[in-house]
Structures are given as C-alpha cells and as structure tokens.
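Student: I have a model open and would like to go through it with some questions. Where shall we begin?
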Amino acid sequence: MEGEMERMAELIARYARPGRVEWIGVRPERRGAMRALETVEVTEAGLAGDHGRAGKRAVTLVQAEHLAVIGAFLGRDAAPAEALRRNLVVSGINLAGLRGRAVALGGALLEITGPCAPCSRMEAAFGPGGYAAVRGHGGMTARVLQPGPVSLGDALRPID
C-alpha cells in the first residue's frame with residue numbers, strides 16, 4: 001500500500017509542461033469594466049490596478065481551455081476572457097490539479113487556494129444559462145506568496 005501511495009504522489013506532482021499566460025485583466029473598481037494588460041505587477045493584494053485585496057482570493061485564474069467549454073454550453077463560440085472577470089487566463093496546465101500548491105508565475109509566486117465559483121453576474125454577461133455554463137469551469141483563486149511582474153507569454157510552473 002505504501003508503494004502505491006508514493007506512486008500516486010508522483011503522478012499528482014507530474015505535469016507534461018508548464019502553463020502559459022494568455023490574457024491579463026484588472027477591474028479598477030467593483031463591477032467596473034475589465035481592462036486588458038500586457039504586463040502587470042503582482043502585489044500582496046493581487047494585481048496592481050485591480051480592486052482585489054490580500055488573502056486567498058487575491059488573484060483569480062481560469063484556463064483558456066475552459067472558455068471554449070463555457071461557449072459550447074451556451075451554444076456559441078468560446079467565452080471572451082473579460083466576460084468571466086478573472087485576472088489571468090492560462091493555457092496548457094490543469095489549474096484544478098494545482099490546488100494547494102505553490103506555482104511560479106512570471107516573477108511572482110502564488111499558492112492556488114481553491115475554486116472560483118461563478119456569480120450571478122454570469123447571467124448578465126452570457127444571458128439565460130450563463131451561471132450554469134460557468135459552474136465547474138470558473139477557474140481558481142490564489143494567494144500571493146511573493147510579489148513580482150507577470151507578462152503575456154510567461155510560464156506557470158508548479159513548485160516542487
């Protein structure tokens with residue numbers, strides 16, 4: 001049994017490749033319009049220029065792959081990144097598999113803390129069924145362990 005548990009731990013820790021930052025967005029004020037950026041400074045309170053605050057939800061991330069899934073549930077093309085109101089869209093790595101782990105993201109260090117559930121604003125953003133379409137695909141939240149810069153194209157790597 002012990003050998004099997006060690007093998008499972010190895011499998012959980014292994015990733016084929018790092019993720020990649022595809023989109024960066026901030027909300028200067030609550031319910032304000034999203035502003036897309038090419039680079040941003042991650043502070044202890046989240047992304048500079050965002051209305052967020054320090055803690056386990058300082059940064060929000062969603063997988064680019066899930067944008068197409070949300071769109072499919074709505075019967076349309078991929079959901080636009082800004083409609084989900086997450087700070088970062090990343091591709092190429094399973095964010096859910098990183099829960100509870102530290103990740104290097106550009107010059108910053110984050111801890112993936114848990115799922116980022118949709119809010120009722122998804123109905124306004126996508127129309128009827130928007131909330132249901134995002135359930136299970138809303139991304140993850142993260143705590144900032146070490147501030148630093150993040151730019152489009154930066155890698156997201158789990159820290160061993």
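Student: Is Arg143 buried, partly exposed or exposed?

Tutor: Keep in mind that this is a predicted model. Buried means under 20% relative accessible area and exposed means over 50%. Arg143 has a relative accessible area of 32%, so Arg143 is partly exposed.

Student: Which side chain does Arg143 meet in a salt bridge?

Tutor: Arg143 lies in strand 9 and its partner lies in strand 8, 32 residues apart. The N to O distance is 3.1 Å. The partner is Glu111.

Student: How many salt bridges does a search of the whole structure find?

Tutor: One of them joins the side chains of Arg143 and Glu111. Another joins Glu22 and Arg20, at 3.0 Å from N to O. Arg27 and Asp50 also meet in a salt bridge, at 2.8 Å. The search finds three.

Student: Are Arg27 and Asp50 buried or exposed?

Tutor: Arg27 is in the loop between strand 1 and strand 2, and Asp50 is in the loop between strand 4 and strand 5. The pair links distant parts of the chain, 23 residues apart. As for accessibility, Arg27 and Asp50 are both buried.

Student: Which residues touch the most other members of the largest nonpolar core?

Tutor: This core has 25 residues. Several strands each supply at least two of its residues, including strand 1, strand 5 and strand 9. One of the residues asked for, Leu156, touches Leu61, Val90 and Leu105, among others. The residues are Val59, Leu61 and Leu156.

Student: Why are the buried residues of helix 2 on the same side of it?

Tutor: The buried residues in helix 2 are Leu67, Ile70, Gly71 and Leu74. On the other side of helix 2, Ala72 and Phe73 are exposed. What covers the buried residues includes strand 5, helix 3 and helix 4.

Student: What is the radius of gyration of the protein, and what would a compact globule have?

Tutor: The C-alpha trace spans about 50 × 35 × 25 Å along its principal axes. With 160 residues, a compact globule would have a radius of gyration near 15 Å. The value for the protein agrees with this: 16 Å.

Student: What percentage of contacts between residues at least 6 apart join residues at least 24 apart?

Tutor: The count takes contacts in the protein between residues at least 6 apart in sequence. Among these, the share that joins residues at least 24 apart is 73%.

Methods: Residues are numbered from 1 along each chain as its sequence is written. This is a predicted model: local features need pLDDT of at least 70, side-chain atom pairs count only at pLDDT 80 or more; totals for chains, interfaces and linings use all residues. Side-chain values use heavy atoms; hydrogens and water are left out. A nonpolar core is a set of buried Ala, Val, Leu, Ile, Met, Phe, Trp, Tyr and Cys residues joined through side-chain atoms within 4.5 Å. Buried means under 20% relative accessible area, exposed over 50%, partly exposed in between (1.4 Å probe, protein chains only). Helices (H or I, at least four residues) and strands (E, at least two) are DSSP runs, numbered from the N terminus. Contact means heavy atoms within 4.5 Å. The radius of gyration is taken over C-alpha atoms; the globule rule is 2.2 Å times the number of residues to the power 0.38. A salt bridge is a side-chain nitrogen of Lys or Arg within 4 Å of a carboxyl oxygen of Asp or Glu. Lists of a residue's contacts leave out its neighbours within four places in sequence.
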